[in-house]
Amino acid sequence: MTAQKDIFLYNCWYVAAWDHELIDGKKLARTILEKPIVLYQGESGKYVALDDRCCHRGAPLSMGRIEGDDIRCMYHGLKYDPTGKCIQIPGQDRIASSLVVKSYPVEERGHLIWVWMGDPELADPDLILDYPPLHDSDWKGLPAYLHYDANWLLIVDNLSDFAHLAFVHTNTLGGSEEYAYTTKPVAIERLERGFRVERWHMNAESPPFHKKVIPDKEARIDRRNIGEMLIPGVFFLQTLFSPAGNGAEKGNLEGSRQYRNCQFMTPETRRTTHFFWNYMHNFDLENSNIALSLRDSLFEGFYEDKAIIEAQQTLLDNDPDFRLRVIAADEALTHFRQVLAKLIKEEKEKKIT
Amino acid sequence: MTAQKDIFLYNCWYVAAWDHELIDGKKLARTILEKPIVLYQGESGKYVALDDRCCHRGAPLSMGRIEGDDIRCMYHGLKYDPTGKCIQIPGQDRIASSLVVKSYPVEERGHLIWVWMGDPELADPDLILDYPPLHDSDWKGLPAYLHYDANWLLIVDNLSDFAHLAFVHTNTLGGSEEYAYTTKPVAIERLERGFRVERWHMNAESPPFHKKVIPDKEARIDRRNIGEMLIPGVFFLQTLFSPAGNGAEKGNLEGSRQYRNCQFMTPETRRTTHFFWNYMHNFDLENSNIALSLRDSLFEGFYEDKAIIEAQQTLLDNDPDFRLRVIAADEALTHFRQVLAKLIKEEKEKKIT
Amino acid sequence: MTAQKDIFLYNCWYVAAWDHELIDGKKLARTILEKPIVLYQGESGKYVALDDRCCHRGAPLSMGRIEGDDIRCMYHGLKYDPTGKCIQIPGQDRIASSLVVKSYPVEERGHLIWVWMGDPELADPDLILDYPPLHDSDWKGLPAYLHYDANWLLIVDNLSDFAHLAFVHTNTLGGSEEYAYTTKPVAIERLERGFRVERWHMNAESPPFHKKVIPDKEARIDRRNIGEMLIPGVFFLQTLFSPAGNGAEKGNLEGSRQYRNCQFMTPETRRTTHFFWNYMHNFDLENSNIALSLRDSLFEGFYEDKAIIEAQQTLLDNDPDFRLRVIAADEALTHFRQVLAKLIKEEKEKKIT
């Protein structure tokens, strides 16, 4: 499969890895937007992202050896510096300037490793969609990863309509089918690069994942979700559980518990996706089992999504002529797809990749 | 793989399942003629066949939930009635009439579930190739299923020349290689929608599968097979074993034992097939081990076919230019392929699918 | 995948098997240059190579039965003689002359079974690249086989630059990375149908595979490799280990130990390869564990090659636009690819396949 330029947005930051995937001198081979790259942390601490293919005979650099901040191909020994320049060939003195591999801008923020797959000139680190709770000791959570056999936009779609909580996640993240019938987004705010949705569920039972980590399991709660989905596929979710009738909707957060959740959908190929997330909480921070329980609950819930989304992908693959039908709840996902298509079109017209 | 209209005949009944595959509220996902469909039995007893793909986001309905005779997609909760009409969307009042999935005519006969993949207007239940022994308490047998990685016509071919019994099934269904040398079809009757073959083997040893279920294992027998192959890929076989020299060929059936065998080849895709069968007997009906022994013998024999037919498919796939050579014994299969090609051509010209 | 005429050279001998693969009446199904063939040894001792596909319904002859020097298809019983002519059809008297399968010239030399996939008229047995040590009791070794998921030329490339010993095989066949820095081919001789390379490494440590089979493990050695690579992908390697400073380079071979190694790369398809080899030694011939140790060491080393070469193949498959960059050490492989391309072009223009 060769890269088809008009299906991805190139000039933006993508999450490529959690930083713990690069500890202990690990060379991580990971495909991003259909480009195989190798990621590593040099001995100086510097992060490096290069095409994972020696320019000589095409051997993978991820089978190579880190030397300082450089990497040596372990087929015939060509050594590359972090800019991708070949700086040594055993047994040969002069090195042609054409002996280079492509290097990619790479930055760490909040334990996430971000890469820029487009024009390096445009790679402004200020554009990184940093998530403050990842740096904030008031919030605790565990980094996690899933691989999807599905296009990343099907996961974006999934997160764009929380009605699916009712049916897909009744026994895990959702709690009841009532959620789909009696609650609606109070607002869908169209953003220039995404959307923002707020949804309340008043006087409800706590959903299973929340019950597992709280003592007052039977207490009724008012639940608020505020989700924000941003280009290229970054999702931030604030979740509030407040004692029912306490007036959380008017600002009284007494007795409430909150979660902060970030999810990052990075295309591996047009039909596979890297999915990173961290589901953080702000209560009982000394109890380390809460983060573990939440990680397991989210894995359980995300596997429910994965089953249905991968089945969707298979059905869509099998029939390219199939046209999806729109329902009222698709407003957010439709807007997101329009924004993305517009940005890809602009990028293509400016030839900025 | 998208459906290619001119390789299948659409306007005829195909076996989609045994009825026991739909008991206990099971939703059966099965691809027929390259269309993924979901089959289920509603709570009223009604059988339903729908496209296995919600019209909203393409999630499979077979991951859904049966509610009465309806089925609910468990992604965002859209509910469909047996005609494929969407009758509920949680959180939405009006439902556009375009929100439908295709439904297929479906009928049960003799524990088989038949579907009609073509024009529903033409789906006359009288056209179903019902097999009377399946309803007749004089005959006992067990329903069985095999999946083939091969085009269904390769299985039709296989059943069109019983000489293969001699070589493929010497130690199971055949009994001796002599069968290929000393016996011939007494007649190949060309039918409008298939063919009929009769073949005798006089004064022979009983074949292994038959020996297993009779007391007089060493007795010589006269063996008659009458096979009928019908569009789209339905095979009925009457088998008679009579004491050798008793005059079975003149109508004396005293001391004979008989079998009735039906086989149904339903294309899953152009290179995979659903294969259903029941091999029934009319003797020692109180001994339930006979049906079990026959089921096991037939599985053994059909696995011999499957090995050679799937190898054939692989070789044919690898070389589309290969032209098969005709021998005298190919008369029946050649006729069947001509009949089928003619029907497909007519259907295509009338655009009746 | 259908055969694409211009990627293989047809008019030359290829190794198809070791003779021990055909003992005890074995029918070997093996694809050579994208043609499935069946190889067997008839009861007279004659070797036979035929298209592995009955001309009647395309069943594989390798599922058939050897009868004398003939083979019978076990689907409908057609029998073929070693020339590929159908000589019997059960139940049919006349056999059309069109009922034939293609047969291929086949010869045994030094326990290797060679086939000629091109024009049989040109199949001169004197063109077989026989390797004398395979017949010579002064040399002992064990025949071995590996399957590669890679084009055979990537393996040819690998053997064309021994610098890879330093990096890929440091701990097995190579011994030190110094090999890549301090040694160079003393000469690369361009041959009409390949190349010849000689490379010395003076006053070095013995490489691990050699240490395992000698008593004086710490003694310094002078090491000489003379490699010869010939069309279509046949590699002969003479290896000499002599006591360091003894003057081996001036012809004094006293105290030296030698190896003779033959490797045969036969394309299975354009992206898979049959790899045959025998690594022979000329010392301590009564100790049968030496051959076993060498076989195991070579497997270990070849698995190191296989890992990197198959990764290379995957990367090249993923990006057909990728252009490899040439370094100084590529002289031999570049010459070999030019010679091969020229021969394929000539063969194509003469239409001699």
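## A strand pair in chain C

Strands β11(C) and β17 (residues 272-281) of chain C pair in the antiparallel sense, over six bridges. One of the residue pairs joins His147(C) to His274(C), its bridge partner in β17(C). The model described here is predicted. In general, the strands of a sheet pair through backbone hydrogen bonds, and the pairing is either parallel or antiparallel.

## The sheet around that pair

This pair belongs to an open sheet of seven strands in chain C, with the order β11-β17-β16-β15-β14-β13-β12 and antiparallel pairing. Which strands stand at the edges of the sheet? They are β11 (143-148) and β12 (185-191) of chain C; each has a single partner strand, so one side of each is left without a neighbour in the sheet. From one strand to the next, the twist averages 15°.

Two helices lie across strands of this sheet. Helix α6 (residues 288-318) of chain C lies across β11 and β17 of chain C, and runs at about 15° to β11(C). Helix α7(C) lies across β12, β13 (194-204) and β14 (221-230) of chain C, and its direction is at about 165° to β13(C).

## Two helices that cross

Two packed helices are described by the angle between their axes and the distance between the axes. In chain C, the axes of helix α1 (residues 152-160) and helix α7 (residues 331-349) come within 8 Å and cross at roughly 145°. The crossing of α1(C) and α7(C) is right-handed.

Which residues of α1(C) and α7(C) meet? From α1(C) they are Leu153(C), Val156(C), Asp157(C) and Ser160(C), and from α7(C) they are Ala332(C), Leu333(C), Phe336(C) and Arg337(C). By class, this contact of α1(C) with α7(C) has five nonpolar residues, one polar and two charged.

## Domains of chain A

Chain A is assigned two stretches as domains: domain 1 covers 5-127 and domain 2 covers 132-348. The C-alpha centres of domain 1 of chain A and domain 2 of chain A are 32 Å apart. At their contact, 19 residues of domain 1 of chain A touch 18 residues of domain 2 of chain A.

On the domain 1 side of this contact in chain A, the elements that give two or more residues are β1 (13-18) and β2 (28-32) of chain A. Of these, β1(A) gives the most, with four residues. The residues of domain 1 of chain A on this side divide into 11 nonpolar, five polar and three charged.

## Contacts between chains

Where chain A touches chain B, the contact takes 24 residues from chain A and 21 residues from chain B. On the side of chain A, the elements that give two or more residues are α2 (164-168), α4 (178-182) and α6 (288-318) of chain A. The largest share comes from α6(A), with six residues. By class, the side of chain A that touches chain B divides into 16 nonpolar, three polar and five charged residues.

Chain C also touches chain A: 25 residues of chain C are in contact with 21 residues of chain A. On the side of chain C, α2 (164-168), α4 (178-182) and α6 of chain C each supply at least two residues. Here the largest share, six residues, comes from α6(C). This side of chain C has 16 nonpolar, three polar and six charged residues.

## How the copies are related

Chain C can be laid on chain A by a turn of 120° and a shift of 0.1 Å along the axis, with an RMSD of 0.0 Å.

## Backbone details

Most residues other than glycine have a negative phi, and most peptide bonds are trans. Leu33(A) has a positive phi of about 50° although it is not a glycine. This residue, Leu33(A), lies in the loop between β2 and β3 (35-41) of chain A.

In chain A, a cis peptide bond joins Ile231(A) and Pro232(A), with omega about 5°. Pro232(A) is in the loop between β14 (221-230) and β15 (234-243) of chain A. In chain B, a cis peptide bond joins Ile231(B) and Pro232(B), with omega about 5°. Pro232(B) is in the loop between β14 (221-230) and β15 (234-243) of chain B.

Methods: Residues are numbered from 1 along each chain as its sequence is written. Chains are lettered from A and ligands numbered from 1 in the order in which they are written. This is a predicted model: local features need pLDDT of at least 70, side-chain atom pairs count only at pLDDT 80 or more; totals for chains, interfaces and linings use all residues. Axes are lines fitted to C-alpha atoms, for helices over the stretch in contact, and angles run from 0 to 180 degrees between N-to-C directions. A crossing is left-handed if the near helix is turned anticlockwise from the far one by less than a right angle, and right-handed if clockwise. Two residues are in contact if their C-beta atoms, placed from the backbone, lie within 7 Å. Ala, Val, Leu, Ile, Met, Phe, Trp, Tyr, Cys and Pro count as nonpolar, Asp, Glu, Lys and Arg as charged, and the others, Gly among them, as polar. Domain bounds come from an automatic or database domain assignment. Two strands pair if DSSP finds at least two bridges between them. Copies are superposed by least squares on the C-alpha atoms of residues with pLDDT of at least 70 in both.
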